[in-house]
Amino acid sequence: MELLISIMIAVMTACGVYLMLRSRTFPVIVGLTLFTYAVNLFIFVMGRLTSGAPPVIGTAEQYADPLPQALVLTAIVISFAMTAFVLVLALRARAELGNDHVDGKQTGESQEDRV
Amino acid sequence: MSHLIALPVLLPLITGVILLLLAGKGFVLTRTVSLVSAGLLVIISLLLFYTASSGVIQVYAMGDWAPPFGIVLVLDRLSAFMVLVTSVLAFFAIWYAASTMDHPAYNLNGLLHLLLLGVNGAFLTGDLFNLFVCFEVLLLASYALLVQGGGQERARAGLHYVVLNLAGSSLFLIAVATLYGITGTLNMADMAAKVANLPAQDAPIVAAAGLLFMVVFGLKAAMVPLYFWLPRAYSAASAPVAAMFAIMTKIGVYSIARVYTLIFGDHAGELANLIQPWLWPLALVTLALGVIGVLAARNLRMQVSYLVIISVGTLLAGLALNTAEALSATFYYLAHSTWVCGALYLIVDLIRRQRQDGSDAIRTGPSLPQSTTLGLMFFVAALSVAGMPPLSGFVGKLLLLQSATTGYAAIWLWSLVLLGGLASITALSRSGSTFFWRTTEVVANTQKASLLPLAAALGLLATTPALALWGEPIIAYTDAMAEQLLNPGQYIDSVLRHTTVGGNP
């Protein structure tokens, strides 16, 4: 199980980083989402993998570490809010700049349209 | 147990919520609430500063959960100092925002207070995960503040800023999770104690997490090679927001100082002084690139943004020296550069408003209606930021140079810091003479600035002679602060031996 989960995190991170390096806002946002998923999984497994054990101390012989689960909840909420924000910002940049390039310009357009 | 420590976090939170509820209820009301709250924050942080100057480290356990399990706020000399620097800057920035009536930004004040919530939380927290949460709170507020008012430039700069910081936050989480996985704790004091007694096979993983922290804090501090977002973002933001952002790079510097003296300091055994070999060259390259940027900038706000980068390079070099004298000088310089860069953003905005075309491009134009007043203010700020005597920039740089007098460190630091001063004064005298002397005969047909925004900029500017005048007590304080930072034993003891009021186990 350890190997499977680490491969999964690695693949998701790699895909996320690749997509984040693209030049259009949509792939960048998808890349960010994948990357934050990978990070959330990573936090989750940092409490060690235990199957079938409740994350409550004192109810069973064996228990899963409850703290990473609390942390991952916070991290999920924050990354969700951030992704929503960047989505809205990307839409607004698309409206303001007329295209969805992350630098706000099509390739070949002059860079010095600002002073 | 005094509840005063929690107030720099709670007051902006409550004010922020009230202001969001009051949005659109009339300018006078919201601006008064905002300004009064900022004033209260200054008083609270002065009280905390006074408490911390005795050298006692106060620990505040949130919800009365004993450390290392609960969340703690810790007030030592460094955090009290940073909170004071922030609240003074915020007071004048909010004053300026309140007195320039021409923008219809309903949520500006509320967001400024939420930004303060994150900043003060980051300075006071004694818990790594909470540091992350506070970073996110201040970043989310700063994203919204940056794009406030709209426009192409802000949308473009905002997108880069947000995406980069989101990637940075993910790296932060990876580092925190790795450290938790190895040490089993998130409390910084507890972690410091655990890292000091780390089994040898775990050391490389903790080192990797520690270096990842440096990437994250380097991104916040705008360290090479992670500074490219800063000039465009800061020069696109509106003036009070840009002035508030002057503290944001310093949060990165603060976090580097905190984490690498407490967790990876001299006492960390195998991982002692983890980043020192990296920090020194990066600091100097940051300084050098800031110098090039200042000389190359074609408008005034861009120039000030590169001055921020020069100050970051100088501060990181001070941290890299890692001696008590250098740390003390670094934090004196930090207060100076935060306030004076904030003041410069406000002054530049006043200049821009009085120009005929409303732009701050460095080129000849009609003379300003208030060219004497603004010229004098610009002159004082330029002297101070470039490090000319008798103002605080000179004192800060002198102290820093004095702390490195021999060897390689001295050669590199002296040449680059002095070169930075020379470049700043060259660039600022070029822009200053273009704006105030090399003008056409006509006086621009624009409104004069009223007294209130002028007073806000002047008030922030007045901190630089004040820092020089009261230099002695302030330097005595920063000396004691450096001493406290380099001997984290007291910090670790105070947090881990903290007993809760209810006495739960």
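1. Basis. This is a predicted model, where local features need pLDDT of at least 70, side-chain atom pairs count only at pLDDT 80 or more, and totals for chains, interfaces and linings use all residues. Residues are numbered from 1 along each chain as its sequence is written, chains are lettered from A and ligands numbered from 1 in the order in which they are written, and side-chain values use heavy atoms, with hydrogens and water left out.

2. Interface. Contact (heavy atoms within 4.5 Å) links 36 residues of chain B with 34 residues of chain A. The buried area between the two chains is about 3,200 Å²; this is accessible area (1.4 Å probe) lost on being put together, summed over both parts. Carbon and sulfur atoms give 74% of that area. In chain B, B:Arg156, B:Leu159 and B:Tyr180 lose the most area to chain A, together 20% of what that side buries.

3. Stacked pair. Rings of Phe, Tyr and Trp (its six-membered ring) pair if their centres lie within 6.5 Å; planes under 30 degrees apart are stacked, over 60 edge-to-face, the rest tilted. The search finds 22 aromatic pairs over all chains. A:Phe85 and B:Tyr143 are stacked, at 5.6 Å centre to centre and 25 degrees between the planes. A:Phe85 is partly exposed at 21% relative accessibility, whereas B:Tyr143 is buried at 1% (buried is under 20%, exposed over 50%, partly exposed in between; 1.4 Å probe, protein chains only).

4. Edge-to-face pair. The ring centres of B:Phe123 and B:Tyr254 lie 4.9 Å apart, with planes at 75 degrees, so this pair is edge-to-face. B:Phe123 is buried at 0%, and B:Tyr254 is buried at 2%.
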